[in-house]
Amino acid sequence: MEIEFINQDDKGYRYAGFWMRLWAYLLDLLVIASINGILITPLSAIGNFREVELAFFNVEVILMAVVTFLYFLLLTKKWGQTIGKRVLGLKVISQNEHTLTWTSLIFREIVGRYILQAFLITYTLYGIVAFQKKKQGIHDLIGETYVIHDES
């Protein structure tokens with residue numbers, strides 16, 4: 001008897017749902033906070049970056065945002081997964097089954113990490129993952145990606 005998964009398609013992918021993705025993201029936030037604590041906080045104390053402002057943000061906040069963006073972008077490009085996704089056995093793949101491209105990942109990460117998080121109310125848009133057949137968020141749709149359970 002064959003077991004059929006609710007979130008599985010004809011290619012055999014098991015799509016990662018909202019809760020698995022949320023736990024992976026929270027774990028990633030812990031990793032990013034650690035990186036920022038090791039790199040940015042000491043630099044900020046030495047360089048007094050908290051007092052230097054660009055637009056509405058101080059340099060420390062901008063540097064932390066850059067670290068966050070690079071973390072998600074570079075790890076996803078290199079391995080298809082961040083540390084949080086790796087721990088929970090999740091992976092980002094391209095819809096067209098090719099290697100993830102820089103363009104799709106930049107769209108995914110800019111939309112997913114910044115535009116959706118621009119206002120408190122837009123965080124609720126992550127909830128559409130729970131209602132999509134292939135468990136895609138808006139950032140996945142724009143970046144043409146899926147998040148799947150990595151069976152390897």
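A pocket is an open set of grid points with protein on both sides within 12 Å along at least five of seven lines. In this predicted model, the largest pocket holds about 270 Å³ of space. Its lining comprises 15 residues. Those closest to the pocket centre are Arg 21, Leu 22, Tyr 25, Arg 113 and Tyr 126. Two elements, helix H1 (18–47) and helix H4, each give two or more residues to the lining. The largest share, six residues, comes from H1.

The protein averages a pLDDT of 86. A score of at least 70 is reached by 89% of the residues. Helix H3 (residues 83–88) has the highest confidence, at 97. Strand S1 (residues 53–54) has the lowest, at a mean of 69. Over residues 1–5 the pLDDT is below 50. That stretch has one contact in the model beyond near neighbours in sequence.

The interior was then examined. In soluble globular proteins, nonpolar side chains tend to be buried together. Here the largest nonpolar core has nine residues. They are Ala 16, Ala 24, Phe 69, Leu 73, Leu 90, Val 92, Leu 100, Leu 105 and Val 147. Helix H2 (59–79) and strand S3 (90–94) are the elements that give two or more residues to this core. A second, separate core has six residues, among them Tyr 25, Val 31, Tyr 71 and Leu 75.

Leu 100 belongs to the largest core. Its contacts, leaving aside neighbours within four places in sequence, are Thr 76, Lys 77, Gly 80, Val 92, Ile 93, Ser 94, Leu 105 and Thr 145.

Strand S3 is mostly covered, with four of its five residues buried. It pairs with strand S4 (residues 145–149) in the antiparallel sense. Five bridges make up this pairing. Within it, Lys 91 stands opposite Ile 148 in S4.

Helix H4 spans residues 102–115 and includes Glu 109. Glu 109 has 0% relative accessibility, and therefore counts as buried, the cut-off being under 20%. Leaving aside neighbours within four places in sequence, Glu 109 is in contact with Phe 69, Phe 72, Leu 73, Thr 76 and Tyr 114.

Methods: Residues are numbered from 1 along each chain as its sequence is written. This is a predicted model: local features need pLDDT of at least 70, side-chain atom pairs count only at pLDDT 80 or more; totals for chains, interfaces and linings use all residues. Side-chain values use heavy atoms; hydrogens and water are left out. A nonpolar core is a set of buried Ala, Val, Leu, Ile, Met, Phe, Trp, Tyr and Cys residues joined through side-chain atoms within 4.5 Å. Buried means under 20% relative accessible area, exposed over 50%, partly exposed in between (1.4 Å probe, protein chains only). Contact means heavy atoms within 4.5 Å. Two strands pair if DSSP finds at least two bridges between them. pLDDT is the predictor's confidence in each residue, from 0 to 100. On a 1 Å grid over the protein atoms alone, a cavity is a set of points where a 1.4 Å probe fits but cannot get out, and a pocket is an open set with protein on both sides within 12 Å along at least five of seven lines; lining residues have an atom within 4 Å of a point. Grid points are joined across faces, edges and corners, and a volume is the space filled by probe spheres set on the points.
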